[in-house]
Amino acid sequence: MVETLSNLAVGFSVALSPPVLLYAFVGCVVGTLVGVLPGVGPLAGISLLLPATFGLDATRAIVMLAGIYYGAMYGGSTTSILMRIPGEAASVMTCIDGYAMARKGRAGAALAIAAVGSYVAGTVSVIALMFLAPPLAAFALRFGPPEYFALLLLGLLVLAYMSAGSMLKALAMAALGLLLGMIGIDQMTGYFRFAYGVVELGDGIGVVPVAVGLFGLAEILATAGQPTPPEIIKPRLRELLPSRREWRESASPIGRGTVLGFVIGIIPGSAHIISSFVSYAVERRLSRRPEEFGKGAVAGVSGPESANNAATSGAFVPMLALGVPSGPIPAVMLAAMMVHGVSPGPLLIKNQPELFWGFIASMYVGNLVLLVLNLPLVGLFVNLLRVPYPILYPSILMFCILGVYAVNGSVVDVWIMLAMGGLGYLLRKLEFETAPIVLGVILAPMLEMALRQSLAMSDGQYGIFLGRPISATLLAVGLVLVLLSLKPLITKSLDWRARLAMAEKGENLP
Amino acid sequence: MTTIRFAVLVTIVLLAVIPGAAQEPYPSRPITVVAPFPPGGVADLTARPVAAAMEKTLKHPVGVVNKTGAAGAVGMQFVATSKPDGYTLLLALSSISIIPEADKLFGRPPAFTVDQFAPIALISADPTILVVPADKPWKTARDFIEDAKKRPGQISFSSSGVYGTLHMAMELLSHAAGVKLRHVPYAGAGPALTAILGGHVDALASGPAVVLPHIKSGKLRPLAGWGDKRVAALPEVPTFRELGYPDAEFYIWAGLFAPKGTPEPVLAKLRDALRGAVADPDFKAAMDKLETPIAFKQGAEFQMFFETDAKRLAEGVRKVGKIETK
């Protein structure tokens, strides 16, 4: 403990030295920009700046690249809240309640809460990273395909809590998403499935075009189709800050989101995306007013936003402690470290303490920089909403197309986005929710891969899921969730969904 | 990266409206090197220092674009069908010769063929090495092969994907040694390494650079290498050739290609730029840190290496055949 603190003091002396501070600042600014632009994610930002760091010393380079990573998580909420366009997959959940808050004139509050939640989550999880990295990393490696499958199955059960309306419709949409997720090369045999000779479809349907199409484009189309144009929201300065009540309602979701995000972020794979989904579901389950979710619940913003930020620190655990990439972004960071002659792994902390502790300390500093950077920007961003729709919407459309094209440099992706925009519009008219489709598209390839890898490991024996302690525990939790949701059937009491339906019909609650 | 792509896009649009842009001397605008694999992999890690070093000679920005998908086929097809003007290049790995062969196997129209490319130069060639978790009983490659013979289909290995480089290396060994191993494919070399470190599989064929830190820390044990010589960083590890399996020879190599039809003066300029790049101290330092030996080959020499390798791999793919699902 004392040793850790003295190490941290060394770290701060590195992190607060003017050049390192400057690079952390540059990283944070670039990260925020990258997060704000739809389609352009942190992976793109880091890869872009990687060659520019070749001439720098290792500590500065890593500090800057890490700044981009967590900076993007701060910025990612902005377009989700203001325009219902997810900056990247991790901010899909923020689109739902964040945008609903913006429609109610609470855009400023939503942005501020997202920023503060991200700050708390970022800072707390750095502390956790500092103390828990080595033991947790060893645990994370035990997550093989069977454990991952069990976790994803839990993620699927979350679907039941996703929608405000009919569960049947939500499940239908999820099934559609899962089917869309089946497109692409079969990872286990190399067969092309449903690709019809289009090589780009070999890699499957990307999450970004689907999410931007279903959320962003569909929103624009739906608004344009209204008989009377929507009122322009003119935020007043006073309304920029969250109210006392909003703060109170955010406190616990931020705490829970932080823990959840950190824990899920450690798991190798693209687990950080799931963290925001799980956080959203948990908040809805625990909320006293679950019917508010989807209509501008503060907890629906603060929970997932904290979770995705905490997950970024979580993802650094296996990377720093074991030298194992826990996802595409840590993989680039790892590459960056290797290019700078730093070999990450168990020996990193011992061999290069200034780098390790400087990195940790710079994350404290970076999170503070981001908060200071983002809170004043809230006022600026919110003013975007003052732009008249005939100018705002075509510009958003343009940014969506450019952003989606930029992800893989693929025109096919742009077509997918446009098709999804049309589909999303249609589904909105028919009162289907589109979020489960996105979740389905995200989960399907991961779920299939994990299932089939597990079976390849066990030579086709399904017992592998029950024979391993972590996966068995996760499956048991899933079973309990299912049983809990069956409870109302047995006890004949009404759950919130039924109550909501009755309230909407104007019937009195029993 | 995407911003580079965006910049390229803007440049293309701008060039389209500037008349006479086509007659400019080469190079007069940014060059794109397509790495058909995700950031952090061998292709990406080689492409970035190469691009940075080429910039110095060509005096124009050289950007790396990760155009991933379909085990590299998307990026390779993209370059194969790009305008042969020297502004779109491909940094390919051994898999460039595997993919068309696998397409043939499945009877589908190939995404591209090898002869759609003009080879510029070989940059690095690294033999794969066989590693197992240190807590496994096998101390030598012989132990491993003996045990695999006793328990066919019981010893598992992870790979970068079906017909991927790491899969092919292992299959060449299986055929050479007459053993049957259980294949658990992962989506990329990174996850495949995570799998063996987590103890979820028993073996992995990998480039030496990425497993070296884990060998040093005592987590993984190297058994043998696929090269014709021992790996410099691991002088005590024998090759399969020494052990009597000369057919188990495999390299993860990285080379630069242009689309076929690129004018000869442009190719000559690129060859010069590359010769300069591999001699660049920064580039040497970068490759050194990655523990990847530079193996520079140009012209007929590269052509021959490329053809021998392609033949060996094509035969490998045919031996593996279609993967039967249970």
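This is a predicted model: local features need pLDDT of at least 70, side-chain atom pairs count only at pLDDT 80 or more; totals for chains, interfaces and linings use all residues.
Colleague: How many residues of domain 1 of chain B are in contact with domain 2 of chain B?

Modeller: The domain assignment of chain B gives domain 1 as 2-125 + 251-320 and domain 2 as 129-225, and the centres of these domains, taken over C-alpha atoms, are separated by 29 Å. Counting a contact where C-beta atoms lie within 7 Å, domain 2 of chain B contributes 15 residues, and the number from domain 1 of chain B is 19.

Colleague: Which element supplies the largest share of the side of domain 1 of chain B that touches domain 2 of chain B?

Modeller: On that side of domain 1 of chain B, at least two residues each come from α4 (95-105) and α11 (299-320) of chain B. The largest share amounts to five residues, and the element that supplies it is α11(B).

Colleague: Which residues of α12(A) make the contact with α5(A)?

Modeller: The axes of α5 (residues 92-103) and α12 (residues 299-322) of chain A come within 8 Å and cross at roughly 145 degrees, in a left-handed crossing. The residues of this contact divide into five nonpolar, three polar and two charged. From α5(A) the contact takes M93(A), T94(A), I96(A), D97(A), G98(A) and M101(A), and from α12(A) it takes G300(A), V301(A), P304(A) and E305(A).

Colleague: What percentage of the residues in chain A is buried?

Modeller: Chain A holds 21 helices and two strands, and residues 24 or more positions apart account for 78% of its contacts with a separation of 6 or more. A residue is taken as buried if 20 or more other C-beta atoms lie within 10 Å of its own, and of the 510 residues in chain A the buried ones make up 58%.

Colleague: Which residue of β8(B) points the same way as L204(B)?

Modeller: In a regular strand the side chains alternate between the two faces of the sheet. In β8(B), A203(B) and A205(B) point one way, and all of the strand's residues here are buried. Pointing the other way, together with L204(B), is S206(B).

Key
Residues are numbered from 1 along each chain as its sequence is written. Chains are lettered from A and ligands numbered from 1 in the order in which they are written. Domain bounds come from an automatic or database domain assignment. Two residues are in contact if their C-beta atoms, placed from the backbone, lie within 7 Å. Helices (H or I, at least four residues) and strands (E, at least two) are DSSP runs, numbered from the N terminus. Axes are lines fitted to C-alpha atoms, for helices over the stretch in contact, and angles run from 0 to 180 degrees between N-to-C directions. A crossing is left-handed if the near helix is turned anticlockwise from the far one by less than a right angle, and right-handed if clockwise. Ala, Val, Leu, Ile, Met, Phe, Trp, Tyr, Cys and Pro count as nonpolar, Asp, Glu, Lys and Arg as charged, and the others, Gly among them, as polar. A residue is buried if 20 or more other C-beta atoms lie within 10 Å of its own, exposed if 12 or fewer, and partly exposed in between; C-beta atoms are placed from the backbone.
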